[in-house]
Amino acid sequence: MRGIFGERTEEVLRHLKVDLTWFGYMYVNSSNGHLVVSAPYLNSGDKVDIYLDVIHELCHVRQLMEGKELFESQYSHVERPTEVEAYRYTVQEAKRIGLSDERICQYLKTEWVSDSDLKRLAKAVNITCH
Ligand SMILES: [Zn+2]
C-alpha cells in the first residue's frame with residue numbers, strides 16, 4: 001500500500017469507497033474512483049488472488065488520482081500502459097510474498113486473456129509462463 005500511495009496511504013484508504021456487486025471480480029469505476037468488488041468473489045475466491053487483485057486495482061486508483069486515462073481503447077488489455085504498470089507492480093508484490101512464476105501465471109491467466117496475450121503479458125512483467 002505504501003509503495004503505491006506513499007505518505008498519502010492513510011488519507012486515500014480512508015476516503016476510498018468500495019461498492020459491492022454480485023458478479024465478476026474487481027475493478028475501479030473510472031467515473032467516481034470507487035473500487036467495485038463482487039461479493040461472491042470475496043466470499044469464495046482464492047485469498048491470494050483477491051489480495052493481488054486489490055493491489056492491482058489500487059494501482060488503478062492511483063493512476064486515476066494522477067489524471068491518467070484508464071481505458072484508452074487504442075490498446076488491447078495487455079498492452080495498455082496503465083495495465084502493464086498495474087500488472088508489474090502486482091507481480092512484484094506476488095514475488096515478494098513468495099509466489100512462484102507458475103502460480104503468478106495461473107493468477108494472470110483469466111478468461112479474458114488469450115494464450116498469446118498471456119505470453120505478451122508475462123514478458124512485459126518479466127516472468128516465464130509455460
Ligand atoms: Zn487492470
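Visitor: Why is Asn 126 called exposed?

Guide: Asn 126 has a relative accessible area of 64%. Exposed means over 50%, buried under 20% and partly exposed in between (1.4 Å probe, protein chains only), so Asn 126 is exposed. This is a predicted model in which local features need pLDDT of at least 70 and side-chain atom pairs 80 or more, while totals for chains, interfaces and linings use all residues. Residues are numbered from 1 along each chain as its sequence is written, and side-chain values use heavy atoms, without hydrogens and water.

Visitor: What is the phi of Asn 126?

Guide: Asn 126, although not a glycine, has a positive phi of about 70°. Most residues other than glycine have a negative phi.

Visitor: How do you know that Cys 105 and Cys 129 form a disulfide?

Guide: Their sulfur atoms are 2.0 Å apart, and a disulfide is a pair of cysteine sulfur atoms within 2.5 Å. The S-S torsion of Cys 105 and Cys 129 is about -95°, so this disulfide is left-handed.

Visitor: What makes Cys 105 and Cys 129 count as buried?

Guide: Cys 105 has a relative accessible area of 8%, and Cys 129 has 14% relative accessibility. Both residues are therefore buried.
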